[in-house]
Amino acid sequence: MPPTTARERARAELTAEITDLAREQLATVGAAGLSLRAVARELGMASSAVYRYFPSRDELLTRLIIDGYDSLGEAAERADDPTAAPMTRWLAVCRAVRRWALAHPHEYALLYGSPVPGYRAPQDTVPAAVRVGAVLGRVLGDAARAGLLPPATGRSTGTVHPDVAPVLGGDHPALDDAVRARALLAWSSLFGAVSFELFGHLVGSVADADAFFDDAMRDLAGLVGLPDS
């Protein structure tokens, strides 16, 4: 619900200023160097005033992480066209994730880079963190319900937690534990490919980063059984 009173609007505006300045800090000092005192100085406020909005650095980090996951998730969701073919949908979502990462490298590094010493992300971050996986899972689930996935193998690996099933396509006979394990591998491999590129590990290894990424994402789609059309 959007703020309705003048006080609520003022608080929302200042909270946004604080988080905007904190995101700028990510680009200069990194997540480990994030400082509420430095943010307060930039705002021309006493640090005690900023602590009324974010009582600790960790709470500010949590806000930045949730905002980052939500922004990335929204990009993935916008890219998905449920009327398109499964492979087309899959590639569109993967490309949207890559575009977001390349446009927001410091936020991406906060989400998928080195852990911040002394910080442990709370459960509050989980719903936002799984949004991309949920979009990929929806593509997979829709393909299963349309009869476009091969029959389930009947092999249970027992490696995927039951709580992940609703994210990775929901319940369907074609979505057994082995398929979900491959879907989880594809989900994590998407971010592995993006991270490898973003952090400079593909330099000198590929001639065309766009084509390499698309080929890799097609291979991952094939891994989970999506038809190549």
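Entry 1: I looked up residues 12-72, which an unreviewed UniProt entry lists as "domain: HTH tetR-type". UniProt positions are given in the numbering used here, its feature names are shortened, and its annotations may be inferred rather than shown by experiment. In this predicted model, local features need pLDDT of at least 70, side-chain atom pairs count only at pLDDT 80 or more, and totals for chains, interfaces and linings use all residues. Residues are numbered from 1 along each chain as its sequence is written, and side-chain values use heavy atoms, without hydrogens and water. I found the span to be 77% helix and 0% strand, with its end C-alpha atoms 22 Å apart.

**Entry 2: confidence.** I noted the pLDDT (the predictor's confidence in each residue, from 0 to 100). The protein chain averages 91, and 96% of the residues score at least 70.

**Entry 3: elements and domains.** I counted 10 helices and zero strands in the protein chain; helices (H or I, at least four residues) and strands (E, at least two) are DSSP runs, numbered from the N terminus. The domain assignment gives domain 1 (1-55) and domain 2 (64-224); such bounds come from an automatic or database assignment. The C-alpha centres of domain 1 and domain 2 lie 31 Å apart. Their contact (heavy atoms within 4.5 Å) takes eight residues from domain 1 and seven residues from domain 2.

**Entry 4: helix α4.** I examined α4 (residues 57-79), whose 23 residues reach 33 Å from first C-alpha to last. This is close to the 33 Å expected, the expected span being 1.5 Å times one less than the number of residues. Its buried residues include Leu61, Ile65, Tyr69 and Leu72; buried means under 20% relative accessible area, with a 1.4 Å probe and protein chains only. Of the 229 residues in the protein chain, 40% are buried.

**Entry 5: the core.** I looked up the largest nonpolar core, which has 61 residues. Such a core is a set of buried Ala, Val, Leu, Ile, Met, Phe, Trp, Tyr and Cys residues joined through side-chain atoms within 4.5 Å. Helices that each supply at least two residues of this core include α1 (6-29), α4, α5 (86-103) and α9 (177-198). The core draws at least three residues from each of domain 1 and domain 2. Trp90, Leu190 and Leu226 have the most contacts inside the core. Leaving out residues up to four places away in sequence, I found that Trp90 touches Leu136, Val139, Ala186, Met217, Leu220, Ala221, Val224 and Leu226.

Methods. Buried < 20%, exposed > 50% of the residue type's maximum accessible area, 1.4 Å probe, protein only.
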